[in-house]
Amino acid sequence: MATRFALADGRNTWARPVDETPDELGPGDQGTVLTARSGRVYVYGSDDRTVRDETHYRYTVRALDADSGEALWATVTGDGPEASEPTSELGYAVAVPEGVVAVHGPKGQQYALLGADDGKVRWKHPLPDPGSRICLLRGAGGRAYLVCQKWSPDDEDVSGTSVAQLDPATGRPRWTVRLDGDLDIVGETGGRLVLLPTTGAHRTLTLIDADAHIVTTVRLSEAQPETSTPTLLGGRLCYTRPSGSVRAFAPEDGRRLWASNSTVESPGPPVASATHLYLASPSGRLAALDLRTGRVTATLQGRDDAGTADAGAGAPLTLVGDALYVPYGVRSVYSVDVRAL
């Protein structure tokens, strides 16, 4: 289900299934909100079924009216036993002002732009060399990028990574930069893309000027373990660890700005205001850290431990003005005025 709740009191205002048929294979959890903008909510859903003893996957991207939940359009992006799930978390869909760029085709070997107005395919291109490359769609600074890792013949090592900025009008690369190693985009700050290795300890940042596509490298003042999760917030590169510790670095020169223990275990992706960084656990335990110093300025106890023991990291937070929305448990969320923390 895609659902909307009122920010003022949490009341559900509408709900709409993104998979309108029963799942023959049992309960599923595929489908998510891709983005919400300009009065529309873009979601995708899956319809799994068995055809002649073979599992078929049908993935559909939909645009919903944000006020009413009414379906404005629906476009099938893949249908068959090898279709790819158009999820932004896996790197197979990205929202841009022009619509949604998603993997496309029965084997997920193409990428296409679904127009924001009607969902029609504006352009479509094959993914480069799908036999030896793993390509991901990424978004940064309102632009779409194609990040492709080339594997060595023995399929054990990544020999290099290419980063291409896609022209929204044609889908073709405006420019392509080729780099050594396995890298992925974390975000954009100061007009430059920030890339990090996808495996191993994080020690070196790769920066690409998004307009001039000039490449520079920056060495962090101290390596961060592979288990840490990087997030680019407010011009700072923040690493969160399962233990709750947080490290903040300046991406332009790699110096550490501060280190802190948030006291929040298994935190999800943090969010930041102009002055504070917020992160929460799967049970909803919340911490607020001074964005300049890293000092913990406030904490709130968790709301519910039920069903969260094996939940992994906490869910992403949402900050709207001074209202912070914290998901917890299985299907719950609470809101707090950050000025009162």
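**Entry 1: the start of the chain.** I began with alanine 2, which stands opposite arginine 16 in S2. I noted that the model is a predicted one. Next I looked up the strands around that pair. Strand S1 covers residues 2–5 and strand S2 covers residues 12–16. They pair in the antiparallel sense over four bridges. I then checked the hairpin of S1 and S2. It has six residues between the strands. Glycine 10 in this hairpin takes a positive phi near 80 degrees.

**Entry 2: a reminder.** I wrote down how strands of a sheet are held: they pair through backbone hydrogen bonds, either parallel or antiparallel.

**Entry 3: a sheet of four strands.** In what order do the strands of the open sheet with S11 run? I read it as S11-S12-S13-S14, with antiparallel pairing. The edge strands are S11 (133–140) and S14 (173–180), and each pairs on one side only. From one strand to the next, the twist averages 20 degrees. I then looked at one pair inside this sheet. Strand S12 (residues 143–151) is joined to strand S13 (residues 158–166) by seven bridges, and the two run antiparallel. Cysteine 148 stands opposite serine 162 in S13.

**Entry 4: the disulfide.** How many disulfides does the structure hold? I found one. It joins cysteine 135 to cysteine 148, with an S to S distance of 2.1 Å. The pair links distant parts of the chain. Cysteine 135 lies in strand S11 and cysteine 148 in strand S12, 13 residues apart. I also checked the handedness. The link of cysteine 135 and cysteine 148 is right-handed, with 110 degrees about the S-S bond. Are these two cysteines buried or exposed? Cysteine 135 is buried, and cysteine 148 is buried as well.

**Entry 5: a second sheet of four strands.** I moved on to the open sheet with the order S23-S24-S25-S26. Its pairing is antiparallel. Strand S23 (271–272) and strand S26 (296–300) stand at the edges. Each has a single partner strand, so one side of each is left without a neighbour in the sheet. I followed S23 to its pairing with strand S24 (residues 276–280). Two bridges join them, and they run antiparallel. Valine 271 stands opposite tyrosine 278 in S24.

**Entry 6: strand S28 and its partners.** Which strands are joined to S28 by bridges? I found strand S27 (residues 318–320), joined to S28 by three bridges. I also found strand S29 (residues 332–337), joined to S28 by six bridges. S27 and S28 run antiparallel, and so do S28 and S29.

Entry 7: The hairpin of S27 and S28 has two residues between the strands. There, glycine 321 takes a positive phi near 65 degrees. The hairpin of S28 and S29 has three residues between the strands. In that one, glycine 329 takes a positive phi near 60 degrees.

**Entry 8: how enclosed S28 is.** Why do I call strand S28 largely enclosed by the rest of the structure? Five of the six residues of S28 (residues 323–328) are buried, so the strand is largely enclosed.

Technical notes
Residues numbered from 1 in each chain as written. Predicted model: local features only at pLDDT ≥ 70, side-chain atom pairs only at ≥ 80, totals over all residues. Heavy atoms only, no water. Buried < 20%, exposed > 50% of the residue type's maximum accessible area, 1.4 Å probe, protein only. Pairing = 2+ DSSP bridges. Axes fitted to C-alpha atoms, helices over the stretch in contact; angles between N-to-C directions. Disulfide = S-S within 2.5 Å.
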